[in-house]
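Visitor: I'm new to this one, could you walk me through a few parts of it?
Guide: Gladly, have a look at it first.
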Amino acid sequence: MNDRSRPAVQPIGFELNGRGVQVAVTASARLSDVLRDTLGLTGTKVGCSAGDCGACTVVLDGQQVCACTVAAGQVHGRRLTTVEGLAADGTLARLQQAFLAHGAAQCGACTPGMLMAAADTLARHPDPSAEQVADGLAGVLCRCTGYRAIVAAVLAAAGGPVSLPQAAPGRAVGARVPRLDGAARLDGRECYAADEAPADALWLRAVRSPHARARFRLGDLAAWIASHPGIVDVLTAADVPCNSFGIFDAVKDQPVLGDARVRFHGEAVVALVGTQEAVSAVHDEELPIEWSVEEPVLGIEQGLAVTGAPLHDFAPDNVLVRGRVIRGEVDEALRRAAFVAEGEFVTSHVEHAYIEPEAGYAMRMPMPDGGDRLRVFACTQTPYMDRDEIARILAIEPDRVQVVPSAIGGGFGGKLDLSIQPLLAVASWKLKRPVRGVYTRPESMLCTTKRHPARMRVRFGCDRNGDLVAVDFLGDFDTGAYASWGSTVANRVPIHASGPYAVPNVRALTRAVYTNGPVGGAFRGFGVPQSTFAHETLVDELARACGMDPLAFRLRNAIRAGQATATGQVLTASAGLVACLLRLQPAWEAARRRVEALDPASAGALRRGVGIACMAYGIGNTVIANPSTMRVGLRRNGRVVLYNGAVDLGQGSSTVLVQICADALGLPVHLFDQVTGDTDRTADAGKSSASRQTFVSGNAARIAGSVLRERLLALVCAPADARLRLVDTQLQVGEGSGTRSLDLSALDADRNGDVAVGEGSFDPPTTPLDGDGQGMPYATYGFGAQFAEVEVDIELGTVRVLHVEAAHDVGRAINPTQVEGQIVGGIAQGIGMALMEEYVAGRSDNLHDYLIPTVGDVPPVVVHVIEDPEPLGPFGAKGVGEPAMIPTAPAITNAIRHATGVRVTRLPVTPDRLRAQLLGKAKA
Amino acid sequence: MSSLPYVQPAILADALSALSQQRLVPLAGGTDFYPARVGQPVADGILDLSRLTDLCGLSTSVSGWRLGALTTWSALRRAPLPAALCALQRVAAEVGGVQIQNAGTVGGNLCNASPAADGVPALLALDAQVELQSVRGTRTMPLGQFILGNRRTARAPDELLTAVLLPHSGAHTRSTFHKLGARRYLVISVLMVAARLDLDDSGRVAAAAVAVGACSEVAQRLPLLEQRLAGRRLDAALREVPHAHDLAALTPRSDVRASAAYRRDAALTLVRRALGALCDE
Ligand SMILES: Cc1cc2nc3c(=O)[nH]c(=O)nc-3n(C[C@H](O)[C@H](O)[C@H](O)COP(=O)(O)OP(=O)(O)OC[C@H]3O[C@@H](n4cnc5c(N)ncnc54)[C@H](O)[C@@H]3O)c2cc1C
Ligand code: FES
Ligand code: FES
């Protein structure tokens with residue numbers, strides 16, 4: 001540091017949200033950092049610091065700009081509006097209302113940027129067209145919503161006053177209740193992981209391996225620290241009490257800090273702790289780290305060939321786990337099949353690309369009895385697993401760790417693994433000081449998990465009538481350097497590999513393979529989007545072989561109640577695929593007819609096609625218990641409190657669970673408050689993954705509500721169907737003259753302030769799978785079908801998705817706005833997976849080389865919600881979070897096949913790949 | 001410890017004098033400057049150009065158009081430009097998203113000299129010159145001489161790019177710009193093509209300019225093709241003039257955005273389409 005120059009601090013004055021402000025800051029600092037760190041206005045989000053995501057959009061002198069590319073010195077004397085300044089002006093408040101009413105904010109990480117871009121657009125075009133809105137919002141990425149709700153909200157705000165839907169008491173289920181946590185996401189108050197930390201916190205930054213496989217030796221760190229003022233410590237593997245973690249007890253294979261060796265590009269080697277300035281000024285090459293680089297094992301092929309030494313001693317063949325489902329006589333059935341379609345399918349690493357990078361703080365808290373505790377505030381999908389794992393790493397009891405999940409700016413599975421938490425925990429525990437950290441976008445992309453790349457060899461056979469007779473599936477999944485959720489993928493895929501069809505003979509074998517690639521983790525669908533790409537392509541081939549319409553073929557084979565899955569589980573109810581297909585049929589047939597009537601001679605280089613795909617998805621964990629507990633209390637002040645341990649990643653559980661609980665209890669939603677996801681104050685609701693919160697925690701919330709209702713009725717000896725009402729602190733039970741009243745303020749309250757409490761738990765019934773994968777792995781399944789219309793430019797290989805129509809059986813839509821939001825958001829991710837998303841470590845670890853769909857890439861979507869009630873579900877509901885994205889990619893690739901005759905076998909089908917295939921076909 | 005200056009001059013003379021006295025990095029819209037420094041503190045002395053209003057905007061004189069280096073893409077997008085400059089206007093509408101267009105400048109695009117800079121092929125096709133000023137004086141040179149390679153220019157450390165100069169075109173000049181990427185908005189170009197046709201009174205091509213970007217370190221004109229286009233009638237057959245060998249001098253690379261073979265192939269398609277589009281106008 002000594003020989004380095006520092007930027008000068010200067011006084012800067014400007015008008016901020018209508019008021020003059022003066023700050024003394026480094027003039028070359030990014031405006032986004034000054035707003036957040038100096039002025040405390042954390043409503044402006046930072047997703048990339050590179051102009052790519054637009055989360056930091058503010059309006060400067062009446063023009064939207066990215067605050068991360070503006071120097072603080074440049075705003076001197078100018079006029080700035082941030083999201084915190086929106087509500088001041090009437091029209092803008094209307095914009096926020098419209099976002100709320102349309103479900104345009106899910107996780108909320110993009111929302112401040114979207115609102116500012118929208119405000120700028122409306123100022124320029126008071127009565128905009130949909131295209132003008134899209135142009136105006138083009139610079140802000142959203143990973144959750146699929147944009148359509150946002151565009152609709154902006155158009156609605158331009159159209160006049162916006163009304164918010166209201167739910168009648170007792171009728172919350174099925175109503176379009178606006179997000180209960182919505183307001184804070186719209187005015188910038190919501191507290192995300194990078195938005196809060198103790199003022200005296202030190203900063204932590206990990207130094208990461210630039211090599212995919214290497215050994216290293218650390219030099220004299222003490223001397224290095226001494227010569228770097230502002231650096232307090234450099235943590236190494238030796239500082240980690242128990243330096244291994246992992247999802248499952250059987251494989252804790254991942255170190256917090258590499259111990260003399262690294263297994264992937266981006267693995268943490270040491271962690272710098274000190275002032276923010278000091279840790280960010282260090283260039284990684286300055287550290288005394290001596291590398292000896294080894295040849296990495298990259299890709300499934302090399303992993304299975306065990307080139308070089310195996311990744312881990314305990315897996316000499318580099319195979320983490322094998323999955324297996326066997327039913328019937330596959331070889332025999334395929335031999336007899338009238339038609340067999342086969343292919344090899346390959347998919348790529350896909351990045352979650354949530355807009356909020358990982359962040360948080362850890363704070364060691366002294367306790368009078370000497371048994372210090374640790375608080376960890378961070379973005380996570382699974383606070384209880386984090387708590388136990390952090391305790392394990394620190395070698396302390398779990399009850400000495402408190403995990404406080406921040407509001408979470410998107411997860412999609414990527415925040416199911418520990419990321420920054422153990423680094424912060426180890427630092428704070430060792431140094432006895434609060435320590436905070438924020439990943440940069442490249443760091444977030446480099447070191448967190450990805451969707452497993454797959455290589456699948458698959459055969460599907462059917463008889464002359466078009467009935468599927470056999471499926472042979474061999475799938476390998478690149479789990480990267482560490483296990484993470486690899487075994488979940490390897491175990492889930494075989495169960496789903498034959499698709500949502502009744503197939504008597506199935507052999508599905510999988511392997512999760514260790515490589516020196518990025519860690520394969522949990523990502524919306526746990527491997528099923530990959531296997532669905534394979535089976536839906538082949539099912540289309542078979543339909544063609546039989547001369548049948550692709551939808552009709554699927555309709556014929558769709559699994560129905562009373563039929564058995566590949567694991568021999570007979571579905572008893574809520575198998576709505578047939579209903580989904582029937583709902584799509586008229587529009588599908590019309591679209592196919594329209595497209596097939598087009599004359600290619602007059603279309604130039606453009607070709608249209610329409611393709612369809614179906615899916616099934618087991619809701620909740622595969623076999624493994626996944627209980628949830630919810631508590632609801634009635635306070636002396638007449639408010640109801642839901643103690644809700646489920647993390648809302650934007651999918652809306654904080655609203656849906658209240659809707660369910662409210663109807664079970666019989667009181668309106670607006671009387672509810674929530675205590676969410678603080679491991680000290682809520683019960684374990686399990687993780688927010690596997691589309692399980694509505695189904696599993698929903699049931700717990702329903703039971704909790706009913707139990708509280710029974711207790712209240714018992715207090716006044718009222719009959720089971722009596723109506724409840726709350727008037728201030730008076731609980732009124734029953735109607736008219738028979739009404740009984742209870743003054744809550746006069747009752748004794750417990751430690752939490754509740755006068756009566758209901759608790760509910762639910763664990764979906766499953767049975768273990770036998771050696772051939774036979775059994776009942778899930779209590780219920782989600783079903784869906786989607787068709788897509790595309791336009792292919794055959795000279796350039798580019799694909800535009802023009803229209804998507806989706807039908808999903810969700811059992812019951814507790815909140816239709818949120819169901820639609822999940823579906824459109826899932827479709828957007830499916831479009832990305834199909835056409836553009838491919839992560840290459842060290843080359844696309846930013847949001848301009850790694851492309852995700854923009855507002856212009858998601859076409860209008862028609863959503864059909866099918867409600868085939870699940871008897872086990874709360875009010876009939878099951879999940880939809882993951883199902884939504886699963887059929888999109890194959891619907892698109894089947895549409896490409898329809899348009900061009902090219903069968904896509906590798907995702908993403910980028911323009912260069914498609915063009916190469918088109919050229920190959922022309923030659924052949 | 002010394003301190004890194006942040007200089008914010010209000011007039012060009014002060015800016016040039018500051019630049020002559022100390023090592024400063026010019027900062028215009030910041031949309032290339034900051035993204036190149038993610039996760040790092042700014043370790044440069046800064047010459048903030050944002051107050052140099054003289055360098056903003058478009059003017060015309062007998063010698064041609066003068067485009068201030070600090071003109072933003074938004075300003076260009078909204079400016080009433082003649083059809084001859086349509087290529088430039090299309091670039092302005094397709095750079096980044098609105099935020100980038102509001103902040104990013106033409107001068108920054110050229111000085112940053114990325115192989116994927118959209119402004120470069122368009123301005124090459126428009127025969128642009130750049131004007132550089134320092135306390136030592138003013139010099140102008142063709143854009144093709146200014147950009148030397150990937151992120152390398154002929155700018156001396158004490159010089160500022162002050163303007164882009166465009167010759168007046170005849171009444172019958174038209175130009176266009178086509179850009180290719182894998183998504184609808186916010187794409188760094190896989191490749192891009194700009195084309196300009198000057199027509200004579202009989203409607204034949206008097207002179208043609210075609211430039212291709214992102215297929216070599218620096219965007220390139222295609223002189224052989226341009227010569228063969230000259231004298232041709234403006235009709236659908238023009239589209240068929242370009243051939244693969246016209247692109248022989250390009251040296252496309254394979255990267256995360258596309259393969260080299262694809263770039264070569266798609267460049268030909270885009271060149272043909274650009275010419276086709278100019279015929280259809
Ligand atoms: C999300 C995003 C999308 C983008 N999309 C595109 C795109 O589609 N097409 C495209 O071409 N570019 C794109 N860019 C790059 C960038 O926006 C443009 O190149 C822009 O024109 C740069 O201008 P600026 O004023 O912001 O430059 P700055 O970042 O301020 O400066 C860039 C460089 O030029 C130097 N410089 C600037 N002005 C002068 C001057 N007058 N004299 C001397 N040196 C100077 C600076 O020192 C710096 O080295 C994108 C950037 C982002 C972040
Ligand atoms: S944080 Fe500014 S654009 Fe992403
Ligand atoms: S709501 Fe847009 S990123 Fe989550």
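Guide: We will go through some helices of chain A and then a residue of chain B.
Guide: This is a predicted model, in which local features need pLDDT of at least 70 and side-chain atom pairs count only at pLDDT 80 or more, while totals for chains, interfaces and linings use all residues. Residues are numbered from 1 along each chain as its sequence is written, chains are lettered from A and ligands numbered from 1 in the order in which they are written, and side-chain values use heavy atoms, with hydrogens and water left out.

Visitor: OK, is helix 16 of chain A enclosed or open?
Guide: Helix 16 (residues 550-557) of chain A is largely enclosed by the rest of the structure, because six of its eight residues are buried. Helices here are DSSP runs of H or I with at least four residues, strands are runs of E with at least two, and both are numbered from the N terminus; buried means under 20% relative accessible area, with a 1.4 Å probe and protein chains only.

Visitor: What do those buried residues pack against?
Guide: Their partners in chain A include helix 15 (528-546), helix 17 (577-596) and helix 21 (888-900), as well as strand 22 (606-618), where contact means heavy atoms within 4.5 Å.

Visitor: And which residue caps the N-terminal end of helix 16 of chain A?
Guide: That is A:Asp549, with a side-chain oxygen 2.9 Å from the backbone nitrogen of A:Leu551.

Visitor: You mentioned helix 21; at what angle does helix 20 of chain A pack with it?
Guide: Helix 20 (residues 816-835) of chain A packs with helix 21 of chain A at an angle of about 50°, their axes being 7 Å apart. That makes the two helices oblique, the word for angles that are not under 35 degrees (roughly parallel), over 145 (roughly antiparallel) or 65 to 115 (roughly perpendicular).

Visitor: Which residues meet there?
Guide: From helix 20 of chain A they include A:Gly826, A:Ile827 and A:Ala834, and from helix 21 of chain A they include A:Thr888 and A:Ile892.

Visitor: Switching to chain B, where does B:Gln89 lie?
Guide: B:Gln89 lies in helix 3 (residues 86-94) of chain B, and it counts as buried because its relative accessibility is 18%.

Visitor: Which backbone oxygens lie by its side chain?
Guide: The backbone oxygen of B:Ala79 lies 2.6 Å from a polar atom of the B:Gln89 side chain, and the backbone oxygen of B:Leu76 lies 3.2 Å from such an atom.

Notes
Buried < 20%, exposed > 50% of the residue type's maximum accessible area, 1.4 Å probe, protein only. Polar contact = N/O pair within 3.5 Å; in protein donor to acceptor, adjacent residues only side chain to side chain. Axes fitted to C-alpha atoms, helices over the stretch in contact; angles between N-to-C directions.
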